[in-house]
Each structure stands twice: as structure tokens, then as C-alpha cells.
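Have the sequence and the structure open while reading.

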Amino acid sequence: MLDIKIFAWSTPAILALALVLAIARSSRNPALFPIRIFVIGYIDVMRGVPVILWIYLIGFGVPGVGLERPFNSPLLWGSVALVMTYSAYVAEVFRAGIDSVHESQRAAARSLGLSNSQTMRFVILPQAIRRVVPPLMNDLVSLQKDVALVSLIGPIEILRQAGIDKSKFANFTPYVAAAIIFLSITIPLTRTTDHLLARERRRTSATRVR
Amino acid sequence: MKLEMRQVAKSFGSRTVLSGFDLDVAAGEVVSFIGASGSGKTTLLRCVNLLEPIDDGAIFLDGDEISRIGRDPNPIRRRIGIVFQSFNLFPHMSVRQNITLALMRVLEKSADEATGTAKNLLARFGLADKLDAYPDQLSGGQQQRVAIVRALAMNPELLLLDEITSALDPELVGEVLDVVRELKGSGITMLIATHEMMFAQEISDRVCFLDAGRIAEQGPPSQVFSQPRDERTKQFLRRVQALGKT
């Protein structure tokens with residue numbers, strides 16, 4: 001039951017946050033460059049570390065700073081970790097959908113006088129979302145399974161309250177070290193992929209519309 | 001609408017497409033651009049409605065410089081319609097939605113008024129029964145006519161036609177050209193990039209032959225097609241004639 005509850009409130013949150021991230025990352029406004037960099041960094045870090053590690057880090061780490069009830073619940077922060085990691089994965093799915101809509105659609109929309117955001121809302125996104133429904137389902141299925149990871153935190157919380165508080169902070173170092181090792185592999189990997197894709201796009205597709 | 005282009009330059013990477021390009025188009029004039037593939041016809045039209053930023057020079061509409069960096073392109077694009085070679089209809093929208101989207105969102109017309117405009121224009125071009133069809137249910141010729149209607153619905157002062165028959169089966173070309181013939185009667189200013197020499201000869205007030213990013217030769221169609229002076233124009237027309245297209 002707990003699993004279903006976490007799943008039910010995480011899914012809309014993931015979809016909404018992912019869409020915002022994907023739109024921010026696909027934006028072409030030069031003024032939004034810092035936001036774009038931030039989003040790329042966020043997605044790299046969230047995707048580069050296993051979900052379970054984020055659930056441990058955020059699920060135990062945030063309540064560990066001494067918040068009051070009900071904000072000290074590892075279950076709550078575990079779900080937040082789930083939303084943060086999954087939105088990074090799903091944002092990339094949305095972005096692939098946005099990129100798959102041919103440049104000529106944007107040209108047609110802009111030539112009619114529609115603004116950038118109107119073009120995104122009425123022309124690009126409706127086509128993009130239709131195309132990414134299958135891979136989206138894929139991610140929701142694996143989300144359903146990973147929800148179980150959050151519910152694991154419950155029993156561990158009891159152990160913690162039973163007296164392992166003292167060792168808690170010492171135990172974080174290996175988690176952080178593990179996260180850094182994961183990132184040092186996954187970030188160069190994603191950057192290389194992005195670079196290759198961008199080169200391919202420059203070679204094959206029409207010029208980008210302002 | 002009067003259009004002037006002064007010393008316009010545009011290149012993609014190391015490939016120069018337009019260089020030192022000058023053009024003057026009077027209100028109501030119909031000007032065709034002919035020339036080999038890659039001679040800059042499409043780029044020229046895309047520069048005019050600011051889909052491609054120009055590298056140098058200036059473009060004026062009725063004396064107003066529209067190419068200035070940092071200028072909001074949207075109000076300018078409202079006055080300029082463009083029809084693309086590959087139609088570019090929105091596949092997830094019906095014909096009605098394709099036409100009314102910009103009417104409602106850009107010109108802020110009511111749904112009823114926008115649909116009325118769509119119905120009138122569709123009827124004018126023999127598409128009255130296609131109002132609720134989707135683009136993939138239409139033939140290429142019908143799709144292109146809808147694309148023309150979509151551009152016309154915004155009531156543009158200048159219409160750019162970018163090789164609008166190049167992606168069509170030969171038997172569908174006629175119906176699209178008929179639409180353009182009718183438009184000529186309405187007095188709208190048109191710039192036409194085309195490979196249809198017969199059509200260019202018939203419809204244009206002036207024909208420009210593009211070569212290496214400039215106008216190599218221009219004049220009334222009778223002159224450019226019958227007595228070309230420029231050597232490259234002669235060569236081009238000979239090649240086209242050899243293909244039996246003139």
C-alpha cells in the first residue's frame with residue numbers, strides 16, 4: 001500500500017519536473033544559457049549515481065540535519081530523492097522527443113509569427129510527447145520497482161533510532177565516495193554522447209531557427 | 001509592401017550563399033528567382049522573413065530596417081507569409097487548426113472569426129470539404145494549397161513562395177500553380193523561388209537569375225528567357241531546355 005502511495009504522488013511530480021527540465025534544456029534563448037548549464041549539470045549528477053544511493057543520501061541525510069516532524073521522515077525524503085533522480089531520466093526522454101520534431105515545424109510556426117514559447121507549447125510539445133510515450137512507459141515501469149527501495153528505508157529508520165545514530169555520519173563518507181566514482185565515469189560518457197549527437201545533427205539537419 | 005535589400009551577405013560556415021546582394025521590389029510586384037540548386041534562392045527567402053539571420057548588409061520593409069540585430073522578429077513575420085517546399089503543415093492538427101492557430105494566438109481573433117476566415121479561404125481554393133481533415137489524409141497538392149491558405153489567412157503584405165511545387169508529383173503541380181495565378185490577381189507582393197520556367201515566365205513581372213550569391217541577370221521574363229545577355233544565364237537556360245522543362 002505504501003508503495004502505491006509513493007508511486008501515485010511521485011509520478012505526476014516526476015513528469016512535471018522532467019518537462020520543465022527538458023524545456024529549459026532545449027531553450028534557445030541565449031539569456032537562458034546559465035539555466036541550461038545548471039540543468040545539464042543537474043541531469044548529469046542525478047543520472048550518474050544509482051537511485052539507491054540518492055535514496056540513502058537524501059532519505060537519511062536531510063532528516064539527519066535535525067528537522068521537526070513531519071519533515072524528518074526518511075520516507076518523505078526518500079520519495080523526494082526518487083522524484084529528483086527519475087525526473088532527470090525522464091527529462092532526457094522528453095528532450096529526445098523535442099529534438100525529434102523536425103526543424104521545419106519550428107520554421108513554419110515562427111514564420112506565422114508565433115513566439116518561441118507558443119511554438120513549443122502548440123507545435124513542438126504535442127508532437128514530441130506523442131512520440132515519447134513508449135519510452136516513458138518504460139521509465140514508469142522501472143519507477144514502480146524502484147519505489148520499493150524507498151519503502152526499505154522504513155525498517156532501517158527503526159534500526160537507526162535503536163541506536164546507530166553515532167555511526168551515521170561516519171557512514172556517509174563511503175556513500176559520497178561511491179557517488180563521485182560513479183560520476184567520474186558517467187559524466188564523461190554523457191558528454192561524449194552529446195558531442196557526437198550534436199556533430200551528427202549539424203551534419204545532417206537543416207540550420208536551426210532562431 | 002516595398003522591399004529593399006542592401007549588400008546582404010550570408011554564409012554557412014565557409015560556404016558563401018549570398019554576397020553583396022542587392023534587390024528592390026516594388027509594392028504589388030511579382031518577382032521570380034531562378035538558378036541552379038544551391039544558388040541561394042531558398043536562403044534569400046528565409047533571410048527576408050528573418051528565419052536566417054544575415055551576416056552583413058540590411059533589409060528594409062517600407063523603409064524600415066527589419067534586419068537590425070536584437071529586433072523582435074515576430075511582428076515582422078506577421079506581415080510576411082512563407083510557403084515551404086515541404087509544406088510543413090502541423091501533422092497533429094486538423095486543417096482548421098493549422099489555419100486558425102496563428103489567427104487566434106498571434107492576431108488574437110476569436111475562434112469563430114478565425115474559423116470563418118479559414119472556411120472562406122478554403123472555399124476560394126476548392127478545399128471547402130477539407131476543413132476537418134488531417135494533413136496525412138490529403139494529397140501533396142492539397143497539403144500545399146492548405147499551406148498557402150495558412151499563410152494567406154494572416155493577411156500578409158508580402159508572400160514568399162519557396163519552390164512550392166518541387167516536392168509534388170507532376171500531375172499535382174497545376175492545381176498549386178492555379179492558386180498562385182489567382183493570388184497574382186489580388187495584387188499581393190510575391191517573391192517566388194522556382195524551377196518551373198514556364199510558370200516563372202507567365203506569372204512574373206520580373207525574373208532574376210541567381211548565380212554565386214548575386215543576381216547575375218534580371219529583367220522582364222520575355223527578355224531574360226528569350227534574349228539572356230549573361231553567359232551563365234544562357235548556359236543555365238540551355239541546360240534546363242535540354243531537360244525539356246522550358
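## Sheet and helices of chain B

The bridge partner of Phe33(B) in E9(B) is Cys208(B). The model is predicted: local features need pLDDT of at least 70, side-chain atom pairs count only at pLDDT 80 or more, and totals for chains, interfaces and linings use all residues. Residues are numbered from 1 along each chain as its sequence is written, while chains are lettered from A and ligands numbered from 1 in the order in which they are written.

Strand E3 (residues 30-34) of chain B and strand E9 (residues 206-211) of chain B run parallel, joined by 4 bridges. Both belong to an open sheet of 6 strands in chain B, ordered E6-E7-E8-E3-E9-E10, with mixed pairing. Strands E6 (80-83) and E10 (214-219) of chain B stand at the edges with a single partner strand each, so one side of each has no neighbour in the sheet. Strands pair if DSSP finds at least two bridges between them. Helices (H or I, at least four residues) and strands (E, at least two) are DSSP runs, numbered from the N terminus.

| Helix | Lies across | Angle |
|---|---|---|
| H1(B) | E3, E6, E7, E8 and E9 of chain B | about 145° to E8(B) |
| H5(B) | E6 and E7 of chain B | about 175° to E6(B) |

The axes of H4(B) (residues 111-124) and H5(B) (residues 140-153) come within 10 Å and cross at roughly 135°. H4(B) and H5(B) are therefore oblique to each other (angles under 35 degrees count as roughly parallel, over 145 as roughly antiparallel, 65 to 115 as roughly perpendicular and the rest as oblique).

Conventions. Axes fitted to C-alpha atoms, helices over the stretch in contact; angles between N-to-C directions. Contact = placed C-beta atoms within 7 Å.
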